[in-house]
Every structure is written in structure tokens, then in C-alpha cells.
Amino acid sequence: MAFEPPRRLVRALGETAPEGDDWLEELPELAREAVERRELTVERVQLPGGRSSLVVLVRTADGTPAVLKLAPPRARPESERVALAHWGGRGAVQLLEPVSEGTEGVLLLERLHPDVSVRTLPEAKALLEAAGTLRRLWVDPPEGHVFETVAERTGRQAKAMRAGADAAPEVAPLVDAALSAREELLDSPPEHRLLHGTFRQSKVLSGDRMPWLAVGPDPVVGEHAFDLARLVRDRVEDLIAQPSGATTTRRRVRRLAESLEVDRDRLRGWTLFRAVESGVRARRVGRERDAELLLEFASWL
């Protein structure tokens with residue numbers, strides 16, 4: 001079978017690929033080798049797929065439905081593997097293959113229902129189910145972990161945000177507010193837990209073992225509010241389209257903070273930082289519409 005990378009993946013990786021990165025060109029051969037090594041039967045490549053990995057629906061040698069996921073090193077697939085192993089299927093997709101020779105950048109996972117995420121539910125129900133799933137992931141990190149911390153990740157992002165503000169002075173006030181919020185939040189984090197890192201409704205899929213399970217973590221260690229912040233802006237295009245979008249956003253911050261026992265001001269601060277960071281990054285790679293939505297959303301906070 002030919003493993004043609006989905007357009008969405010090619011476009012997303014093309015926006016961030018460092019010079020000389022040839023992972024996309026090597027991907028078809030990497031996928032073929034991964035399938036042969038594991039004696040898998042390929043059903044299809046999942047479309048439109050993700051923005052950082054190739055997802056292939058397969059069956060193992062004994063006929064068990066599974067998912068083969070291949071990701072470039074910059075997507076930190078080995079960090080994802082360690083986090084999934086640590087969660088052990090509690091709240092997240094189950095890892096079917098331990099670390100061994102030939103597994104680098106390749107994950108064999110339990111098959112969920114890839115076309116059914118909590119985004120298919122009405123908004124209020126979707127937020128409730130997503131929040132409940134996220135709570136199960138908040139555990140102490142493994143002893144001697146090497147996961148990135150929130151301070152480290154946002155430190156890298158802060159440098160790019162400052163450069164973005166220099167190039168586009170009109171976003172400077174929002175960037176300044178976001179960076180100030182980050183500095184204040186990092187002064188006294190209330191906990192250091194293993195976080196999903198990139199949690200949103202589309203990362204919660206229907207399963208057979210449990211109704212809803214999280215997929216696609218980019219794990220990081222830090223406070224709960226950082227993880228929850230990305231969920232606040234889910235369906236941002238719908239929020240922007242509402243005449244009461246700003247009020248709805250502030251109400252969402254309050255309800256999510258209360259339901260997961262997170263400090264409301266800390267959640268608001270991390271939501272501001274993450275929205276501005278995403279907006280500046282979207283502008284940098286030419287996704288102007290996304291940038292407009294995210295930066296308008298951030299201005300409501």
C-alpha cells in the first residue's frame with residue numbers, strides 16, 4: 001500500500017519544518033517498514049488526519065483493530081510514549097507496544113472510533129465530558145521524568161511572541177499582557193502534575209473500553225490551569241460569531257474553573273497566554289484568519 005501523507009499533515013509540518021528536515025519525504029518508507037516489522041494489515045490512512053503525525057488504521061497479526069502512528073522527532077513521540085505508558089489507559093488511549101528496537105517515532109495504539117470525538121456532542125455536554133476526561137490524566141509524573149516543564153515550554157514560546165510583537169506592533173499590547181500574566185503565574189504554581197499539553201475536544205475520542213479517551217498528548221509537567229486553558233477556547237469560531245461571545249467566554253472560564261477546582265484567575269491568565277501565543281504563531285506562518293480569531297478571543301479575557 002502507498003502511504004501518501006495527508007494534505008493537512010504536509011501543510012502543517014511545512015509551516016514549521018527546520019531547514020534540511022526530510023522526514024516527510026522518508027515517511028512512506030518509514031510507514032512501510034513499521035507495518036512489515038509488526039506484521040500488520042493496513043485498512044486505511046486516517047483522513048484528514050492530524051497536524052503532526054500520520055495515523056494508519058491497521059489490524060495486528062491476530063486480527064485486533066489498532067492504530068499505527070508515526071511522528072517526526074520534533075513532535076516528541078517518545079515523550080508521548082512515556083506519558084501513555086504512565087497513564088496505563090486511565091483516561092487515555094492504551095499503548096499496545098513497549099519501547100523496543102524499531103519503535104522510535106512509531107506508536108502502536110488501541111483503536112478508538114477516530115471519527116467520533118466529543119465535538120460531536122452539544123457544546124455544554126462536550127465541555128463536561130472533555131473536562132471529566134482531562135481530570136483523570138492529572139497524576140504525578142513518573143520518578144526521574146524528563147518531560148518538559150510549563151516554564152520551559154512557555155519560555156521558548158515567549159521568545160517567539162516577543163519577536164512577533166516587534167514585527168507587528170498592533171499586537172504588542174496583547175503580547176505584553178500575555179507575557180506579564182506568564183511571569184506572574186510562574187512565580188507560585190500550585191502543583192506540578194503530568195499534563196496532556198495540547199488538550200481540546202477533538203483530542204477526546206469515543207472508545208469501547210471507556211466512553212471517552214484522550215489521544216495525541218504533547219506531555220508537559222505543571223499546573224492544572226495550563227492544561228485546562230486550551231479547552232476554554234474550543235470552538236473559538238463559534239464564540240466569535242456570537243453577539244455575546246465575550247460574555248460566554250468569561251462564563252466558560254468560571255464554569256470550567258469551578259468544575260475542576262482550578263483557580264479562576266490562573267485559568268484566565270493561562271488562557272490569555274495560550275491564545276495570544278497561538279495567534280502570534282498563526283500570523284507568523286500566514287494563517288491570518290486563525291490569527292484574527294485567536295487574538296480577538298484573547299482581547300475578551
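Predicted model: local features only at pLDDT ≥ 70, side-chain atom pairs only at ≥ 80, totals over all residues.
I started at W270: setting aside neighbours within four places in sequence, I found W270 in contact with V150, T154, R182, L185, L186, E223, A225, F226 and A229.

**Entry 1: the cores**

I looked up which core W270 belongs to. W270 is one of the residues with the most contacts inside the largest nonpolar core, alongside V175, L228, L267, V276 and F297. I noted 71 residues for that core. Which helix gives the most to this core? That is α10, residues 264-284, with seven residues. I also found another core lying apart from this one, with 18 residues, including L9, L27, L40 and L70.

**Entry 2: α1 against α2**

Helix α1 covers residues 7-16 and helix α2 covers residues 23-38. I read an angle of about 140 degrees between them, with the axes 11 Å apart. From α1, the contact uses L9, V10 and L13; from α2, W23, L24 and L27. Sorted by class, I get six nonpolar residues in this contact, with no polar and no charged ones.

**Entry 3: α10 end to end**

Back to α10. I get 21 residues and a reach of 30 Å from the first C-alpha to the last, close to the 30 Å expected at 1.5 Å a residue. Is α10 mostly covered or mostly open? Mostly covered, as 15 of the 21 residues are buried. At the start of α10, I see a side-chain oxygen of D263 within 3.0 Å of the backbone nitrogen of D265. Just after α10, G286 has a positive phi of about 90 degrees.

The loop between α9 and α10 holds E261. Phi of E261 is near 55 degrees, and I flagged that as a positive value in a residue other than glycine. With a relative accessible area of 70%, E261 is exposed, because that is over the 50% cut-off.

**Entry 4: α11 and what covers it**

Next I took helix α11, residues 288-299. Its twelve residues reach 16 Å from first C-alpha to last, close to the 16 Å expected at 1.5 Å a residue. I listed A291, L293, L294, L295, F297 and A298 as the buried residues of α11. F297 is also among the residues with the most contacts in the largest core. What covers the buried residues of α11? The cover includes α6 (172-187), α7, α8, α9 (245-259) and α10.

**Entry 5: the loop between α7 and α8**

I went to the loop between α7 (224-232) and α8 (236-241), where D234 lies. D234 has a relative accessible area of 4%, so I count this aspartate as buried. A polar atom of the D234 side chain lies 2.6 Å from the backbone nitrogen of Q201. Leaving out residues up to four places away in sequence, D234 touches R119, R200, Q201, L239 and R252.

R235 sits in the loop between α7 and α8 too. Phi of R235 is near 60 degrees, a positive value in a residue other than glycine. Buried or exposed? R235 counts as buried, because its relative accessibility is 12% and the cut-off is under 20%.

**Entry 6: T198**

I placed T198 in the loop between β6 (193-195) and β7 (204-206). T198 is buried, with a relative accessible area of 17%. Not counting residues up to four places away in sequence, T198 touches K203, G216, P217, D218, D227 and R274.

**Entry 7: A165**

I found A165 in helix α5, residues 150-167. A165 is buried at a relative accessible area of 10%. Setting aside residues up to four places away in sequence, A165 touches V171, A172 and V175. I also checked A165 against V280: these two are 115 residues apart along the chain, with C-alpha atoms separated by 8.0 Å.

**Entry 8: a cis peptide**

Last item: which residues does a cis peptide bond join? I found L47 and P48, with omega about 0 degrees. P48 is in the loop between β1 (41-45) and β2 (54-59).

Key. Residues numbered from 1 in each chain as written. Heavy atoms only, no water. Core = buried A, V, L, I, M, F, W, Y, C linked by side-chain atoms within 4.5 Å. Buried < 20%, exposed > 50% of the residue type's maximum accessible area, 1.4 Å probe, protein only. Helix = DSSP H or I, 4+ residues; strand = E, 2+ residues; numbered from the N terminus. Contact = heavy atoms within 4.5 Å. Axes fitted to C-alpha atoms, helices over the stretch in contact; angles between N-to-C directions. Nonpolar A, V, L, I, M, F, W, Y, C, P; charged D, E, K, R; others polar. Expected span 1.5 Å × (residues − 1). Polar contact = N/O pair within 3.5 Å; in protein donor to acceptor, adjacent residues only side chain to side chain.
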